[in-house]
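The following exercises are to be worked with the sequence and the coordinates at hand. Each task is followed by a solution in steps.

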Amino acid sequence: MLSVSAALLLTLAWVHQAQTLYFHIGETEKKCFIEEIPDETMVIGKYRTQLWDKQSGSFLPSTPGLGMHVEIKDPDTKIILSRQYGSDGRFTFTSHTPGEHQICLHSNSTKMALFAGGKLRVHLDIQVGEHTNNYPEIAAKDKLTELQLRVRQLLDQVEQIQKEQNYQRYREERFRMTSESTNQRVLWWSIAQTLILIVTGIWQMKHLKSFFEAKKLV
Amino acid sequence: MEVSWVILRVLSVFVALFSDRLVVLARFSQSMDSDFTFTLPPGRRECFYQTMKKDASLEIEYQVLDGAGLDVDFSISSPSGQVLYSDYRKSDGVHTIETEDGDYMLCFDNTFSSVSEKLIFFELILDNMDTDEDPDDWKEYVHGTDILDMKLEDIMDAINNVKARLGKSVQIQTVLRAFEARDRNLQESNFDRVNFWSVINLIVMMLVSGVQVYLVRSLFDDKRKIRT
C-alpha cells in the first residue's frame, strides 16, 4: 500500500515537473525575472537543468559540477539572496517590503568545455503566495479531512487575493500622486516658460534699444 | 469472525484516510498557470518553451510593461516548427491554442529597437493537461458513510465551483496588475520626461536670448563707421 502511494506520488511529481516552462541560457548569460508581490508573501522557485549532449543529439540531465547562481533583489535593489545551487535547485524567500523583486539566474560554469556546442536548458517554476503551501503536508499536520482541506485552500486563496488587492490600492495611490504631480508640473512649467519668454523679450528689446541709443543709431 | 470483521473495518478506514491524501494530490494538477515578468534587452530575441499534451489548451497572454514605444514582436510556433501566430510590434495580445504533443515555442523579439529595453509580462494558462486521469477514481476508495456521501458530494461540488471562480479572480487580478504596472511605468517616464525637457527648454531659452543679444551687439562693436 505504501509503495503504491509512493510510486503514485513520484509519478505525479514527475508529471508536474515535466510540464513547466523552459528556456535556453548561454554560458555567461544572466536571465532575470521580476515578481511584483505584496509584503509577507512567500515565493518558492524550482529549477531543473539539462545540458545539450552533442553525441546523443538531445538534452541530458546536466553534470553535477554545473550549478546555477541565484540572486534575488528586493524593491530597494538590496540583495536578499545570493547563493549557488546545484544542477537542480529550489530557492525560497519571503518578501518584507511590497514591490518588484528581481530573481536572476546565471550558470556558474567556468569551464568552456562543459558548454561546448551549446546551451543549457533550464526548467523554471516560480510559485507565489498560497501556491507555495504544501497542502498534503498541512493536511497531515493538522489532520484535516478532504472537506476541511478544501475549505482551508479556499481561505488561503481568498487571503492572498485580499493581500494583493490591498497592495494594488497602495500602488494606485502612488500612481495617482505621480500623475497629479506630473500634471501640476506641466501646468507650472508652461506658465513659467511663457513668463520667462515675455520677460526675456522685454529685456532684449530694452537692452538693444538703450544700446542703439548709446551708439547713436536711433 | 468478529476479529476479521473488525480488521476489515479498520483497513477500510485506513484506506479511506490514505486515499484522501491521494485524492488531494491528484486534484492539484488540474489547471496550471504560470506568469513571468522579464526584461528583454534591445536587439535581442528571447524564447520560452512549454511542453504540452494532445487535446489540452494553452492560453498565452502578454503585455509590454515598460520601454519606449511599449511594443514587441511575438510569435508562437508548434512542435513541428510551424508558426501559429505572429504579432508585429504589438503592445499586448492574447492567443489560445488547442495543442498537440510536443514543445511549443513562444518568442519575444526586440531586434527592431537598438536602444530601449522592454519589460515584458506573460501568462500561460494550461487546461486539460491531465486527460488520462479519471476524476471519479477516488470514489472506489471511500467505503462506508453512505448517507453522508451524498451530501458530501454536493458540498464538494459547491466548493470546487468556488475554487474555480476564485482561480479566475486570481487570473483577472494578475492581468489587471500588469495593466496597472504598465500605466504606472508610462506615467513615471512621462514625469521624468517633463522634468528633463522643461529644464532643457529653460536653459536653451536663456542661452538663445544671451547669444542673440551678444550677436547683435557684436555687429556694432567693430571699427566700422556706422552711418548716422
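## Exercise 1: A loop residue in chain B

B:Asp55 has a relative accessibility of 52% and therefore counts as exposed. The model under study is a predicted one.

Task. Determine where B:Asp55 is placed in chain B and what value its phi takes.

Solution. Step 1: the residue is located between two strands of chain B, in the loop that joins strand S2 (45-52) to strand S3 (57-66). Step 2: the phi angle of B:Asp55 is near 60°, which is a positive value in a residue other than glycine. Step 3: the exposure class follows from the cut-off, because exposed means over 50% relative accessible area, and B:Asp55 stands at 52%.

## Exercise 2: A loop residue in chain A

Task. State which loop holds A:Thr77, and decide whether A:Thr77 is buried or exposed.

Solution. Step 1: A:Thr77 belongs to the loop between strand S5 (68-73) and strand S6 (79-85) of chain A. Step 2: with a relative accessibility of 60%, A:Thr77 counts as exposed. Step 3: its backbone shows a phi near 55°, a positive value in a residue other than glycine.

## Exercise 3: Packing of two helices

Task. Describe how helix H3 and helix H4 of chain A pack, giving the angle and the distance between their axes.

Solution. Step 1: H3 (residues 135-142) and H4 (residues 146-214) of chain A pack at an angle of about 125°, and their axes are 11 Å apart. Step 2: this angle makes H3(A) oblique to H4(A). Step 3: the crossing of H3(A) past H4(A) is right-handed. Step 4: on the side of H3(A), the contact is formed by A:Tyr135, A:Ile138, A:Ala139 and A:Asp142, while H4(A) contributes A:Leu149, A:Arg152, A:Gln153 and A:Asp156. Step 5: sorted by class, the residues of this contact are four nonpolar, one polar and three charged.

## Exercise 4: A residue touching chain B

Task. Is A:Thr182 buried or exposed, and which residues of chain B does A:Thr182 touch?

Solution. Step 1: A:Thr182 lies in helix H4 of chain A. Step 2: A:Thr182 has a relative accessible area of 7% and is buried. Step 3: leaving out residues up to four places away in sequence, A:Thr182 touches B:Gln187, B:Asn190, B:Phe191 and B:Val194.

## Exercise 5: The two chains

Task. Summarise the secondary structure of chain A and of chain B.

Solution. Step 1: chain A has four helices and nine strands, in the order α-β-β-β-β-β-β-β-β-α-β-α-α. Step 2: chain B has two helices and eight strands, running α-β-β-β-β-β-β-β-β-α from the N terminus. Step 3: of the 218 residues of chain A, 42% count as buried; of the 228 residues of chain B, 39% do.

How values were computed. Residues are numbered from 1 along each chain as its sequence is written. Chains are lettered from A and ligands numbered from 1 in the order in which they are written. This is a predicted model: local features need pLDDT of at least 70, side-chain atom pairs count only at pLDDT 80 or more; totals for chains, interfaces and linings use all residues. Side-chain values use heavy atoms; hydrogens and water are left out. Buried means under 20% relative accessible area, exposed over 50%, partly exposed in between (1.4 Å probe, protein chains only). Axes are lines fitted to C-alpha atoms, for helices over the stretch in contact, and angles run from 0 to 180 degrees between N-to-C directions. Angles under 35 degrees count as roughly parallel, over 145 as roughly antiparallel, 65 to 115 as roughly perpendicular and the rest as oblique. A crossing is left-handed if the near helix is turned anticlockwise from the far one by less than a right angle, and right-handed if clockwise. Contact means heavy atoms within 4.5 Å. Ala, Val, Leu, Ile, Met, Phe, Trp, Tyr, Cys and Pro count as nonpolar, Asp, Glu, Lys and Arg as charged, and the others, Gly among them, as polar.
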